[in-house]
Amino acid sequence: MSSTLFEKIINKEIPSEILYEDDISFVIKDINPQAPTHLLIIPKKVIPKLSDSTQEDQEILGHLMLVAGKVAEDLGLDETFRLVVNNGAKAGQSVFHLHIHLLSGRSLNWPPG
Ligand code: AMP
């Protein structure tokens with residue numbers, strides 16, 4: 001099977017600035033930012049979308065949330081940010097390798113679009 005865009009990034013086949021990395025996850029800047037700060041928190045394990053995850057992914061999923069909080073703190077985002085997971089093409093997902101969007105630096109309205 002061909003590798004996903006995010007596997008190519010972590011394997012350095014596609015250039016990207018990796019802001020954070022550990023055994024389970026990594027964080028990059030979104031190439032098409034929708035806010036002054038727009039990061040992607042990505043598991044190294046390829047889970048195509050959140051609804052494909054299983055009980056065995058519990059640790060990974062929890063880890064991604066903790067990494068989001070840690071990166072937000074390290075970047076001084078003043079505890080003001082939004083996390084988004086697009087699940088499925090109809091919900092706006094374009095890369096089928098699970099990732100959490102972290103958005104910050106502008107007012108974030110509710111309900112989202
Ligand atoms: P989604 O549409 O939820 O699947 O999010 C995929 C995100 O990946 C989009 O926000 C894209 O802008 C972003 N993206 C696509 N290619 C790259 C890349 N080479 N480096 C960083 N982000 C990317």
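## Salt bridges

Asp57 and Lys45 form a salt bridge through their side chains, with N and O 2.6 Å apart; a salt bridge here is a side-chain nitrogen of Lys or Arg within 4 Å of a carboxyl oxygen of Asp or Glu. This is a predicted model, in which local features need pLDDT of at least 70 and side-chain atom pairs count only at pLDDT 80 or more, while totals for chains, interfaces and linings use all residues. Residues are numbered from 1 along each chain as its sequence is written, and side-chain values use heavy atoms, with hydrogens and water left out.

The two partners are twelve residues apart, and both Asp57 and Lys45 sit in the loop between E3 and helix H2 (58–74). Helices (H or I, at least four residues) and strands (E, at least two) are DSSP runs, numbered from the N terminus. Asp57 counts as buried at 2% relative accessibility, whereas Lys45, at 34%, counts as partly exposed. Buried means under 20% relative accessible area, exposed means over 50%, and partly exposed lies in between (1.4 Å probe, protein chains only). Lys45 and Asp57 also belong to a network of salt bridges that includes Glu56.

## Other charged pairs

The whole structure holds six salt bridges. Among them is the pair Asp52 and Lys49, whose side chains meet at 3.4 Å, N to O. Asp52 is partly exposed, with a relative accessible area of 34%, and Lys49 is partly exposed at 24%.

Another salt bridge joins Lys70 to Asp74, with the closest N and O atoms 2.9 Å apart. These two residues are separated by about one helical turn because they are four residues apart in helix H2. Lys70 is partly exposed, with a relative accessible area of 38%, while Asp74 counts as exposed at 53%.

The Arg82 side chain reaches the backbone oxygen of Asn109 at 2.9 Å.

## The largest pocket

The largest pocket has a volume of about 710 Å³. Of the 30 residues that line this pocket, Asp30, Gln34, His38, Leu40 and His101 are the closest to its centre. Two or more lining residues come from each of helix H1 (5–10), strand E2 (25–29), strand E3 (37–43), strand E4 (82–84) and strand E5 (100–104). H1 gives the largest share, three residues. By type, the lining divides into 13 nonpolar, twelve polar and five charged residues.

A pocket is an open set of points on a 1 Å grid over the protein atoms alone, where a 1.4 Å probe fits, with protein on both sides within 12 Å along at least five of seven lines; lining residues have an atom within 4 Å of a point. Grid points are joined across faces, edges and corners, and a volume is the space filled by probe spheres set on the points. Ala, Val, Leu, Ile, Met, Phe, Trp, Tyr, Cys and Pro count as nonpolar, Asp, Glu, Lys and Arg as charged, and the others, Gly among them, as polar.

Most residues other than glycine have a negative phi, and most peptide bonds are trans. Lys12, in the loop between H1 and E1, is not a glycine but has a positive phi of about 65°. Lys12 is exposed, with a relative accessible area of 62%. Glu79, in the loop between H2 and E4, has a positive phi of about 60° and counts as exposed at 78%.

Pro111 lies in the segment after E5, and a cis peptide bond with omega of about 5° joins Trp110 and Pro111. Ser107 is also in the segment after E5 and is exposed, with a relative accessible area of 58%. Ser107 and Ala35 are 72 residues apart in sequence, with their C-alpha atoms 9.0 Å apart in space.

Definitions and conventions:
Polar contact = N/O pair within 3.5 Å; in protein donor to acceptor, adjacent residues only side chain to side chain.
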